[in-house]
Amino acid sequence: MNQRNIVLMGTPSLLQPSSPIECFDRALIELINELKFMKEQKGGVGIAAPQIGENKRIIFFGFEKNIRYPNEEPIPFTTLVNPEYEVLSNTLIPGWEGCLSVPNLRGLVDRYQKIRYWGYDEKGVRIERIAENFHARVIQHEVDHLDGILFPFKVKNLANFGFETALIERGYSIHG
Ligand code: NI
């Protein structure tokens, strides 16, 4: 396994759109394994391939219990290749987000409350689900990475963007 680091905001490659996967081969499985390893090592709820330096349309997400978001319902561990979604409810919900590429910071971001998403697992088997609330938020955040969009770009009021420790002192519940 290659030694990888999380690519941090400010790196130009995070702003580039990622390419679709066309071949479900051994190299894809190895890349997905590296993505899973890095997500678990860093304790994220989700990760996108550009965050480990591969501008390819692959995301991995899911958790039983996550220390970064302790009050959220579990999401099944899922690999999605070439993920897409459609919006099922135009209701936008604000929520505090973080990102492994933007360490120690959180921002308040609006996301669609309900979506249908689909994609393929590492063997090319189609996965399709309906997701709401935090689950829907995670998918929207990760797919944004594949289009070169980071959550701070979507913080409407920069008064609602800052360091986790300072936000907690200000009385914000970043885990709400
Ligand atoms: Ni992220």
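Trainee: Is R57 buried or exposed?
Mentor: R57 is buried, as its relative accessible area is 15%. Buried stands for under 20% relative accessible area, exposed for over 50%, and partly exposed for what lies in between, with a 1.4 Å probe and protein chains only. The model is predicted, so local features need pLDDT of at least 70 and side-chain atom pairs count only at pLDDT 80 or more, while totals for chains, interfaces and linings use all residues. Residues are numbered from 1 along each chain as its sequence is written, and side-chain values use heavy atoms, with hydrogens and water left out.

Trainee: Where is R57 found?
Mentor: R57 sits in the loop between β1 (46–48) and β2 (58–63). Helices (H or I, at least four residues) and strands (E, at least two) are DSSP runs, numbered from the N terminus.

Trainee: Which backbone oxygen lies 3.0 Å from a polar atom of the R57 side chain?
Mentor: That oxygen belongs to L146. A polar contact is a pair of N or O atoms within 3.5 Å; within protein, one must be able to donate a hydrogen and the other to accept it, and residues adjacent in sequence count only if both atoms are side-chain atoms.

Trainee: What else is R57 in contact with?
Mentor: Leaving aside neighbours within four places in sequence, the contacts of R57 include S18, P20, L80, N82 and D147. Contact means heavy atoms within 4.5 Å.

Trainee: And L146, where does that residue lie?
Mentor: L146 lies in helix α2 and is buried, with a relative accessible area of 0%. With neighbours within four places again left aside, the residues in contact with L146 include Q16, A48, K56, R57 and I59. The C-alpha atoms of L146 and A49 are separated by 7.9 Å, although the two residues are 97 residues apart along the chain.

Trainee: Changing topic, which residues are the protein donors of the nickel ion?
Mentor: They are C99 through SG, H141 through NE2 and H145 through NE2, lying 2.1 to 2.3 Å from the ion. Donors are N, O and S atoms within 2.8 Å of the metal (3.2 Å for Na, K and Ca); water is not among the atoms, so sites may look incomplete.

Trainee: How are the donor residues spaced in sequence?
Mentor: The spacing is C-x41-H-x3-H.

Trainee: How many cavities of 30 Å³ or more does a search of the whole structure find?
Mentor: The search finds 1, and the volume of the largest cavity is about 130 Å³. Of the 14 residues lining the largest cavity, the closest to its centre are V45, Y69, G98, H141 and E142. Helix α2 gives the largest share of that lining, 5 residues. On a 1 Å grid over the protein atoms alone, a cavity is a set of points where a 1.4 Å probe fits but cannot get out, and lining residues have an atom within 4 Å of a point. Grid points are joined across faces, edges and corners, and a volume is the space filled by probe spheres set on the points.

Trainee: Now the aromatics: how many pairs are found?
Mentor: There are 5 aromatic pairs in the whole structure. One of them is F24 with Y120, which is edge-to-face because the ring centres are 6.3 Å apart and the planes stand at 65 degrees. This pair links distant parts of the chain, 96 residues apart, with F24 in the segment before α1 (26–42) and Y120 in strand β4 (residues 105–120). F24 is partly exposed at 34% relative accessible area, and Y120 is partly exposed at 28%. Rings of Phe, Tyr and Trp (its six-membered ring) pair if their centres lie within 6.5 Å; planes under 30 degrees apart count as stacked, over 60 as edge-to-face and the rest as tilted.

Trainee: What is the phi of N104?
Mentor: N104 has a positive phi of about 70 degrees although it is not a glycine. N104 is found in the loop between β3 and β4 and is partly exposed, with a relative accessible area of 49%.

Trainee: And N133? Where is that residue found?
Mentor: N133 is found in helix α2. Its phi is positive, about 55 degrees, although N133 is not a glycine.

Notes
On a 1 Å grid over the protein atoms alone, a cavity is a set of points where a 1.4 Å probe fits but cannot get out, and a pocket is an open set with protein on both sides within 12 Å along at least five of seven lines; lining residues have an atom within 4 Å of a point.
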